[in-house]
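Here are my notes for you, written as numbered points. Keep the model open while you read and find each residue as it comes up.

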Amino acid sequence: MPWPIRPLRADDLPRLRALDYQFISSQALAVEKTVEGLAVTWRLRPQPLADPFTSLDTAPLPEEWAALERNLLAGTREGFVVEADGGPVAFVELEAQTWRSVGFIWELLVHQPYRRQGIGAALVDAAIAWGRQRRLRALALETQTNNWPALNFYRRVGFQLCAVDDHFYTNRDIAAGEVALFWYYELETNEPRE
């Protein structure tokens with residue numbers, strides 16, 4: 001089913017704030033780090049969790065919603081929403097980081113009852129078209145090792161896992177079992193532009 005997608009507007013935010021973005025993971029990526037001088041080796045391996053991990057809430061914090069509204073109104077962030085049942089049920093928030101020619105996906109969230117229906121993939125397609133229209137070289141995003149559904153989704157829609165940051169959330173991310181992963185979707189090769 002093709003989902004109706006339109007640009008994200010500031011007046012969508014109250015409805016989007018009220019939606020359920022929680023996720024449950026039965027697996028995670030275990031992260032092992034080996035350091036020998038400047039040689040650092042990462043090993044990521046899928047691991048079943050004894051107790052499924054349930055996110056408290058993956059929606060942006062109140063100050064992030066306020067910043068998103070300011071950025072939308074100022075034109076420094078953009079995005080798309082999918083509508084169903086009379087209002088938005090999912091959105092992607094985008095920022096063109098022109099200094100590195102990358103479109104950063106700050107949020108890609110789908111209301112829980114609408115998951116696994118192609119909405120996330122439709123929003124990724126809209127983000128890809130947005131990035132290509134701006135002649136960006138890639139889209140980038142961050143997610144955590146304990147968000148198994150997101151890890152599989154980003155891999156399935158063509159993103160490549162490119163970086164690990166074990167100090168992104170705290171100084172003990174590996175021990176906490178939540179490590180930041182950075183993903184890229186190449187929009188063009190690295191050939192010089194004319």
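The points below go from the sheet to the helices, then to a loop residue and the salt bridges.

1. **Before you start.** This is a predicted model, in which local features need pLDDT of at least 70, side-chain atom pairs count only at pLDDT 80 or more, and totals for chains, interfaces and linings use all residues. Residues are numbered from 1 along each chain as its sequence is written, and side-chain values use heavy atoms, with hydrogens and water left out.

2. Helices (H or I, at least four residues) and strands (E, at least two) are DSSP runs, numbered from the N terminus. Two strands pair if DSSP finds at least two bridges between them. With that in hand, look for an open sheet of 7 strands in the order 1-4-5-6-7-9-8, with mixed pairing. Strand 1 (5-7) and strand 8 (160-165) are at its edges with a single partner strand each, so one side of each has no neighbour in the sheet. From one strand to the next, the twist averages 30 degrees. Axes here are lines fitted to C-alpha atoms, for helices over the stretch in contact, and angles run from 0 to 180 degrees between N-to-C directions.

3. **A parallel pair.** Within this sheet, strand 6 and strand 7 pair in the parallel sense, over 4 bridges. To find your place, note that Phe104 stands opposite Ala140 in strand 7.

4. **A hairpin.** Strand 2 (residues 24-36) and strand 3 (residues 39-54) run antiparallel and are joined by 12 bridges. The two form a hairpin with 2 residues between them, and Gly37 in the turn has a positive phi of about 65 degrees. Further along, Leu29 stands opposite Pro46 in strand 3.

5. **Helix 2, length and sides.** How far apart are the end C-alpha atoms of helix 2? They are 18 Å apart, which agrees with the 18 Å that its 13 residues (62-74) should span at 1.5 Å a residue; the expected span is 1.5 Å times one less than the number of residues. Buried means under 20% relative accessible area, exposed over 50%, and partly exposed in between (1.4 Å probe, protein chains only). The buried residues of helix 2 are Trp65, Leu68 and Leu72. They cover an arc of only 55 degrees around the axis, which puts them on the same side of helix 2; the arc is that of the directions from the helix axis to the C-beta atoms. On the face turned away from the buried side you'll find the exposed residues Glu63, Arg70, Leu73 and Ala74.

6. **What covers helix 2.** Contact means heavy atoms within 4.5 Å. The cover over the buried residues of helix 2 includes helix 1 (13-17), strand 4 (78-84) and strand 5 (87-97). Just after the helix, Gly75 takes a positive phi of about 80 degrees.

7. **Helix 4.** Its buried residues are Trp148, Ala150, Leu151, Asn152, Phe153 and Tyr154. Among the elements they pack against are strand 2, strand 3 and helix 3 (119-133). Helix 4 lies across strand 6, strand 7 and strand 9, and runs at about 160 degrees to strand 7. After helix 4 comes Gly158, with a positive phi near 105 degrees.

8. **A loop residue.** Is Asn146 buried or exposed? Asn146 is buried, with a relative accessible area of 5%, and lies in the loop between strand 7 (138-144) and helix 4 (148-156). Leaving aside neighbours within four places in sequence, the residues in contact with Asn146 include Phe23, Phe53 and Glu178.

9. **Salt bridges.** A salt bridge is a side-chain nitrogen of Lys or Arg within 4 Å of a carboxyl oxygen of Asp or Glu, and by this rule the count comes to 10. The side chains of Glu32 and Arg43 meet in one (3.4 Å, N to O). Glu32 lies in strand 2 and Arg43 in strand 3, so the pair ties together parts that are 11 residues apart in sequence. Glu32 also forms a salt bridge with Arg45, at 3.0 Å between the closest N and O atoms. Glu32 is partly exposed, with a relative accessible area of 31%, and Arg45 is partly exposed at 29%.

10. **A buried pair and a network.** Asp12 and Arg6 meet in a salt bridge through their side chains (2.6 Å, N to O), and both residues are buried. A network of salt bridges links Arg6, Arg9, Asp11, Asp12 and Glu83.
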